[in-house]
Amino acid sequence: MVEFIVQNPVAAVIVLCEFGLWVLLGLGLALRYLFRLRRASALVLWSIPLLDVVLVVATALDLRGGAEAGTVHGLAAVYLGLSVAFGPAIVRWADARFAHRFAGGPTPPRAPRRGPGRRAHLLREWYRAVNAAAIASAVLLGLIVFFAAPEGREALAWWIGRVWIVVGLWYVFGPLWEGGGGTGRGGADAAAGGGAGLRARA
């Protein structure tokens, strides 16, 4: 694993960006709730998106420098999409728990486990996955057009198809399964509720 990262600088940047995300997030929340330095906290938290800029630049420079387009470049685009789409939700999730633990904040709400609320929650997550796929696709197209060598463009284009397949499967086994035709828990709850309504009207 270490040898792979050393031989693939973009992989090393992905690892460092992930590590940096949690370091900056923890530092920003500590400054806000433990040291009451709200301006410094905001500055640190607002610097998190700079990690995405670093990743894009590193990936583009690697391809421009003659590196063969491959798995690490596709993963970099996917990671970037996930970071941008899910990053704000992760910050809110951590902020709520940090505030509850260290600042007497309210207990963070849990995601619904069944019913319409559960399906709405799954849909919100799926919309974020769609945004992540759209961002990753745009980044991949940019790498294909401006930075990748002709022989490596097909490998990057293949990643675009892959991310949208994942989005489709996410929907089928997430919101659709939860609320469709009684096959998921949400569907069973809906059917039970509908039966109760019919009995009440009778």
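Which helices do the buried residues of α4 pack against? Before I answer, note that this is a predicted model. The partners are α2 (9-33), α5 (71-102), α6 (115-146) and α7 (153-179).

Now α4 itself. The helix runs over residues 49-64, which is 16 residues. From first C-alpha to last it reaches 23 Å, close to the 22 Å expected at 1.5 Å a residue. The buried positions in α4 are L51, D52, L55, T59, A60, D62 and L63. They sit on the same side of α4, because the arc they cover around the axis is only 165°. On the other side of the helix, L50, L61 and R64 are exposed. Just after α4 comes G66, with a positive phi of about 105°.

Take T59 as one example from α4. Its relative accessible area is 4%, so T59 is buried, the cut-off being under 20%. Leaving out residues up to four places away in sequence, T59 touches V10, H73, A76 and L143.

Next, the surface. Which residues form a nonpolar patch there? They are I165, L169, V172, F173 and L176, and together they have about 480 Å² of accessible area. F173 belongs to helix α7. Is F173 buried or exposed? F173 counts as exposed, because its relative accessibility is 61% and the cut-off is over 50%.

To close on α7: this helix is one of those that the buried residues of α4 pack against, and α7 also holds F173, which is part of the nonpolar surface patch.

Terms used
Residues numbered from 1 in each chain as written. Predicted model: local features only at pLDDT ≥ 70, side-chain atom pairs only at ≥ 80, totals over all residues. Heavy atoms only, no water. Helix = DSSP H or I, 4+ residues; strand = E, 2+ residues; numbered from the N terminus. Expected span 1.5 Å × (residues − 1). Buried < 20%, exposed > 50% of the residue type's maximum accessible area, 1.4 Å probe, protein only. Arc of directions from axis to C-beta. Contact = heavy atoms within 4.5 Å. Patch = residues over 30% accessible without salt bridge, like charges linked within 9 Å, V, L, I, M, F, W, Y side chains within 5 Å. Areas by Shrake-Rupley, 256 points an atom, 1.4 Å probe, with all protein chains shown as cover. Salt bridge = Lys/Arg side-chain N within 4 Å of Asp/Glu carboxyl O.
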